[in-house]
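This report covers salt bridges, a chain interface and a strand within its sheet. Please read it alongside the sequence and the model.

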Amino acid sequence: MSGGLAIDVSGLTKKFGSRTVVKDFSIQVPKGQVWGFLGPNGSGKTTTIRMLCGLLVPDSGRGKCLGYDIRTESAAIKRNVGYMTQRFSFYEDLSIRENLDFVARIYEMKDRGEAVDKAIAQLGLTKRQGQLAGQLSGGWKQRLALAACILHRPQLLLLDEPTAGVDPQARREFWEEIHMLAAQGLTVLVSTHYMDEAERCDRIVYLAYGTILARGTVDEVIANSKLYTWIVTGGEVRDLARELHDKPGIEQVSVFGITLHISGTDDAKLEKAIEPYRNRPGFTWTKSHPSLEDVFIHLMGPFREQVTG
Amino acid sequence: MLGISFGRIAAVFVKELIQMRRDRLTFAMIIGIPIVQLVLFGYAINSDPKHLPTALNVQDNSVFTRSLTAAIQNTGYFRITNIVHSEGEGEKLLASGGVAFLLTVPPQFSRALARGDKPSLLIEADASDPSAAANAMAAISQLPATVFNNDLKGALRPLQATAAPFNVVVHRRYNPEGITSYNVVPGLIGVILTMTMVLITALAVTREVERGTMENLLAMPLQPFEVMIGKIAPYIVMGYIQVTVVIVAALLLFGVPMLGSFFDLSVALAIFIAANLSVGFTISTIAQNQLQAMQMTFFFFLPSILLSGFMFPFRGMPAWAQVIGEVLPNTHFMRIVRGIMLKGSGLADLFGDIWPLLIFMVAVMALALVRYRRTLD
Ligand SMILES: Nc1ncnc2c1ncn2[C@@H]1O[C@H](COP(=O)(O)OP(=O)(O)OP(=O)(O)O)[C@@H](O)[C@H]1O
Ligand SMILES: [Mg+2]
């Protein structure tokens, strides 16, 4: 094993045709940690995860998952990794129980019946276990898929947007479970578009257009962004936003309900830009840290014109 | 590399069985297609094949026999391919399908002819495909009147072209009444299996790609061989169900005889079904979606029905078509089924058609395994 690393890859690059979708991707994930994988649509998250579990062969770069080479030992990786695909990929014409049973058979689990029973009970689907998976609502499908990919007790979980379309209550339960599994030594790499989920991760990796733009703990990412933010509350922040958005020194203005975030990379310029508005009655101005979302939107900025899809 | 696991094959097998049971339409098709085809193909399409292989059993070597042989070939229907020296040897060729006719010139033929005794020539025809044999037999019946005019000279001149100096005795073997459905119905087994088995496996795998379940299947520790066997096995069972439907109908509705053994038939069936399923599996490794899989299936199905001897007598086809036909599993299977059902042939007699089936099966399976995707690339 490469030290205590569950994932240790460097220089991964993947091209589709002439387009490079993932560029020089390197991460080292220690065992037992939960890492968040963020980035705009089409930034290459799914592609990267597929390379990690042997579903795609990288054009260059090398590395190991759980100590197995991603190029040559993908069979061993597959046995020890739970991969949850972004698109539901269990059988809609099989019942909940039959799907889980299929997975348990594939991994040749000794206590198959018991493990399936337990997974169904944990999902709270004991009464509906005979129902076809295709008849489940979107959120329930996600939960079934998650249950199926942790059924064989993998050492590494690769989850591709596991909570897309899942309600807040179920999302919270899901994250509690993730942390419980991590405490037992399981390593998790989870892609998500939710900021609150990013904040629950030990580390985050932010990918845009195939390149890692930021990495570290949430605080590190915010600190490294060199972004200065003012928060305005009270009154009609929308009107204010409209007035401010094209002023020099202000790079980003976003409305969060009744608060306004105004950010820029040059502290002095930013202060100068907002100066004329500071005295307007009814508004409270506070200098603060940017939110993670501010940072991500800022990071995406230079690339926003690029066509993706 | 992991070893092959029976448990994982079973996982795929069970899953496939459940899906098959839930897919009502496919299930209906499996039972429906044989019945519809049986009704549709109850009638045969006639043709006029020429140059049919003929074995000659000459027990009287004389100038007359040589003229006779030449005359027979000149009709265009017969091509002497084998000279045999005993009745048994000829019978064997006929039973294995090596020749379509066995012509026997009895001992003392020329002497009897010279005496004006009107001796008989015996023609035994493989009439299991009646349309193939019919015109040839009509042609040979025309022979006697003129064939020896050049040889009957001098003292024998009075025999020339009076009435025919000898008789032709024709024995239709295996299907004495020349009933077409005897030939068509067993052949239908091959046609139906080709169509449904190839299509179903082609769809079963492409469906996984189309529905996105392939990604999951590939992410699990499954070997291509395990997927293939697990997916193919349930359809072998289904193939046997279809065959049962056709055979029961053949026996009850059309009164087709079953002279051979059911065991031999099931052995041949197993090979044939597996060969077709591997074609389907191969198609599924090429097709991007179910529509393409369907189109490719028909691309394979058409020659299997047109060039296999099902629609038109095999020996009536041009040489290039016969070459293609010989590659197709249906061609060989057609001969095997007809052999077993109509002639009572055993597997040993039919070995000449079994090994090409086996080779086809192994080759296509290997191709499927090589082509099967292990990644999403
Ligand atoms: N099989 C493929 N062939 C060609 N291009 C592909 C293929 N798969 C992905 N791409 C392209 O690669 C890029 C990255 O896609 P990927 O699915 O990895 O993004 P993502 O970060 O997972 O996006 P999302 O957040 O929308 O899920 C996209 O521009 C996509 O169009
Ligand atoms: Mg994705």
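A:Asp267 and A:Lys287 form a salt bridge, with N and O 2.7 Å apart. The term means a side-chain nitrogen of Lys or Arg within 4 Å of a carboxyl oxygen of Asp or Glu. The pair links distant parts of the chain, 20 residues apart. A:Asp267 lies in helix α10 (residues 267–274) of chain A, and A:Lys287 in strand β14 (residues 284–288) of chain A. Helices (H or I, at least four residues) and strands (E, at least two) are DSSP runs, numbered from the N terminus.

A:Asp267 is partly exposed at 23% relative accessible area. A:Lys287 is also partly exposed, at 37%. Here buried means under 20% relative accessible area, exposed means over 50%, and partly exposed is in between (1.4 Å probe, protein chains only).

## Basis of the model

The model is predicted: local features need pLDDT of at least 70, side-chain atom pairs count only at pLDDT 80 or more, and totals for chains, interfaces and linings use all residues. Residues are numbered from 1 along each chain as its sequence is written, chains are lettered from A and ligands numbered from 1 in the order in which they are written, and side-chain values use heavy atoms, without hydrogens and water.

## Other salt bridges

Over all chains, the whole structure holds 27 salt bridges. One of them joins B:Asp353 to B:Arg335, with the closest N and O atoms 3.1 Å apart. B:Asp353 sits in helix α14 (residues 351–371) of chain B and B:Arg335 in helix α13 (residues 329–343) of chain B, so the bridge ties together parts 18 residues apart in sequence. B:Asp353 is buried, at 7% relative accessible area. B:Arg335 is partly exposed, at 29%.

Another pair is A:Arg105 and A:Asp101, at 3.7 Å from N to O. Both lie in helix α3 of chain A, four residues apart, about one turn of the helix. A:Asp101 is buried, at 16% relative accessibility. In chain B, salt bridges link B:Lys15, B:Glu16, B:Glu208 and B:Lys231 in a network.

## The interface of chain A and chain B

Chain A gives 26 residues to the contact and chain B gives 28. Contact means heavy atoms within 4.5 Å. The two chains bury about 2,600 Å² between them, 59% of it on carbon and sulfur atoms. Buried area is the accessible area (1.4 Å probe) that two parts lose on being put together, summed over both. A:Leu55, A:Tyr91 and A:Ile106 supply 23% of the area that chain A buries against chain B, more than any other three residues.

Four salt bridges cross the interface of chain A and chain B. One of them pairs A:Glu98 with B:Arg22, the closest N and O atoms being 2.9 Å apart. On the side of chain A that touches chain B, α2 (74–80) and α3 (96–106) of chain A each supply at least two residues. The largest share, four residues, comes from α3(A).

## Strand β8 of chain A

Five of the five residues of strand β8 (residues 187–191) of chain A are buried, so the strand is largely enclosed by the rest of the structure. A:Thr187, A:Leu189 and A:Ser191 point one way, A:Val188 and A:Val190 the other. In a regular strand, side chains alternate between the two faces of the sheet.

Strand β3 (residues 34–38) of chain A runs parallel to β8(A), joined by four bridges. Two strands pair if DSSP finds at least two bridges between them. A:Trp35 stands opposite A:Leu189 in β8(A). Strand β7 (residues 156–160) of chain A also pairs with β8(A) in the parallel sense, over five bridges. There A:Leu157 stands opposite A:Val188.
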